[in-house]
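Please review the structure below before reading the notes that follow.

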Amino acid sequence: KLIGSYESELHPVVKAALNTPYETVVDVGSAEGYYAVGFALRMEHPARIYAFDVNPEARALCEQLATLNAVRDRVNLEAFCDGERLQNTLVGKSLVICDCEGYETELLNPATVPVLRQADILVE
C-alpha cells in the first residue's frame, strides 16, 4: 500500500474510474479506507464518498486516514450496508467498490437493488 503496488492488477480499472465523473462512490468493506480516501483525494471530479465497514476499528482507522489526508468532510463513514441502504445511497452516476467477504452475492443483487443496473461495480 505504501509503495503503490497494492492490488496492482486493478490499477488500470482504478485509473479509469478516477477519470469518470461519478456523483457517488460507495466502498462496502472499506477497511482502513485505502479506496474511499484514495478516491476522495484523487478524483478529478468531486463525488460523495461513502465508506461502509462493520468493524469499528476499521472505521476508526478510515476516519483517521481521511482526517490526515484532509478529506474527512468528503468521506461519510457508516457501519452496515444492506440493499435498502445501497439503493438509497447511489445517486446519479455511481461506482460501487465491494470487498465484503462473501456478502457481495446478497448485496449486489439488481432484483433487490435496481439502481445497481446503472452503476459501475468493482468487486474484489
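The model is predicted. The salt bridges in it come to 3. Helix α2 spans residues 34-42 and contributes several buried residues, while strands β2 and β3 belong to a right-handed β-α-β unit with α3.

- The buried residues in helix α2 are Y35, A36, V37, F39 and A40.
- An α-helix has 3.6 residues a turn, so residues three or four places apart point the same way.
- The elements that cover the buried residues of α2 include the helices α1 (11-18) and α3 (56-68).
- Strands also take part in this cover, among them β1 (24-28), β2 (48-52), β3 (75-78) and β4 (94-98).

**Strands β2 and β3**

- Strands β2 and β3 run parallel and are joined by 4 bridges.
- Within this pairing, I49 is placed opposite V75 of β3.
- Together with α3, the two strands form a β-α-β unit that is right-handed.

**Salt bridges**

- R85 and E78 are joined through their side chains, with an N to O distance of 2.5 Å.
- R85 is partly exposed at a relative accessible area of 27%, and E78 is likewise partly exposed, at 22%.
- R72 pairs with E63, and their closest N and O atoms are 3.5 Å apart.
- D120 forms a salt bridge with K93, where the closest N and O atoms lie 3.7 Å apart.
- D120 belongs to strand β5 (residues 120-123) and K93 to the loop between α4 (83-89) and β4, so this pair ties together parts that are 27 residues apart in sequence.
- Both partners are partly exposed: D120 has a relative accessible area of 32%, and K93 has one of 36%.

**The exposed site E9**

- E9 is located in the segment before α1.
- With a relative accessible area of 59%, E9 is exposed, because the cut-off for that class is over 50%.
- E9 and G92 are 83 residues apart in sequence, and their C-alpha atoms are 27 Å apart in space.

Methods. Residues are numbered from 1 along each chain as its sequence is written. This is a predicted model: local features need pLDDT of at least 70, side-chain atom pairs count only at pLDDT 80 or more; totals for chains, interfaces and linings use all residues. Side-chain values use heavy atoms; hydrogens and water are left out. Buried means under 20% relative accessible area, exposed over 50%, partly exposed in between (1.4 Å probe, protein chains only). Contact means heavy atoms within 4.5 Å. Two strands pair if DSSP finds at least two bridges between them. A crossover is right-handed if, with the strands pointing away from the viewer, the path from the first strand over the helix to the second runs clockwise. A salt bridge is a side-chain nitrogen of Lys or Arg within 4 Å of a carboxyl oxygen of Asp or Glu.
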